[in-house]
Amino acid sequence: MAATNKTNSLQYKGFPLLRKDNILYYGSMSDSHIIMMQILETKEEKGIKIATRVSVQLQLTAEGLRAKERIVKSTEKSSLWNAMDIASIWLKRANSSK
């Protein structure tokens, strides 16, 4: 992950990555889809919290939809690494099929 754009925000594989508490948003609201990841469980290892259960949702960014209507795909992964891996694949595919 590297901060490379002019606003100095965090990016992963060319898409913005924002975190608020235990929820991460991956992608841009100006695109047709974003990813929402929620850290559901963590464990502490050597003084650092490690995600052990992460919910991943591919969502539409269209206005006027209810929260449940926005969800296109969802899954749970056993680590943040696995969640980011599937999130980057889903987001790239969804936004390239505009």
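## Salt-bridge network

In this predicted model, E41, R53 and E76 are linked in a network of salt bridges, a salt bridge being a side-chain nitrogen of Lys or Arg within 4 Å of a carboxyl oxygen of Asp or Glu. R53 and E41 meet through their side chains at 2.9 Å, N to O. R53 belongs to strand β6 and E41 to strand β5, so this pair ties together parts that are twelve residues apart in sequence. Strands (E, at least two residues) and helices (H or I, at least four) are DSSP runs numbered from the N terminus. R53 also forms a salt bridge with E76, with 2.9 Å between the closest N and O atoms. Because E76 lies in strand β7 (residues 71-77) and R53 in strand β6, the pair ties together parts that are 23 residues apart in sequence.

Relative accessible area is classed here as buried (under 20%), exposed (over 50%) or partly exposed (in between), with a 1.4 Å probe and protein chains only. R53 is partly exposed at 30%, E41 is partly exposed at 39%, and E76 is partly exposed at 44%.

## Other salt bridges

The count for the structure comes to five salt bridges. One of them joins E69 and R66, whose closest N and O atoms are 3.5 Å apart. E69 is partly exposed, at 39% relative accessibility, whereas R66 is exposed, with a relative accessible area of 61%.

## Aromatic cluster

A search of the whole structure finds two aromatic pairs. Rings of Phe, Tyr and Trp (its six-membered ring) pair if their centres lie within 6.5 Å; planes under 30 degrees apart count as stacked, over 60 as edge-to-face and the rest as tilted. Y12 and Y26 form a tilted pair, with 5.9 Å centre to centre and 55 degrees between the planes.

F15 and Y26 form an edge-to-face pair, at 5.7 Å centre to centre and 75 degrees between the planes. With F15 in strand β3 (residues 15-20) and Y26 in strand β4, the pair therefore ties together parts that are eleven residues apart in sequence. Y12 and Y26 are buried, and F15 is buried as well. Y12, F15 and Y26 form one aromatic cluster.

## Nonpolar core

A nonpolar core is a set of buried Ala, Val, Leu, Ile, Met, Phe, Trp, Tyr and Cys residues joined through side-chain atoms within 4.5 Å. The largest such core has 19 residues, of which L17, Y26, I35, M37, V54 and V56 touch the most other members. At least two residues of this core come from each of β3, β4, β5 (33-45), β6 (48-60) and α2 (80-96). The largest share, seven residues, is supplied by α2.

Contact means heavy atoms within 4.5 Å. Leaving aside residues up to four places away in sequence, M37 touches partners that include L17, Y26, V54, V56, A83, M84 and A87.

M36 lies in strand β5 and is buried, at 15% relative accessibility. With residues up to four places away in sequence again left out, M36 touches I23, L24, Y25, S55, V56, Q57 and Q59. The C-alpha atoms of M36 and S55 are 8.1 Å apart, and these residues are 19 residues apart in sequence.

## Basis of the values

Residues are numbered from 1 along each chain as its sequence is written, and side-chain values use heavy atoms, with hydrogens and water left out. Because this is a predicted model, local features need pLDDT of at least 70 and side-chain atom pairs count only at pLDDT 80 or more, while totals for chains, interfaces and linings use all residues.
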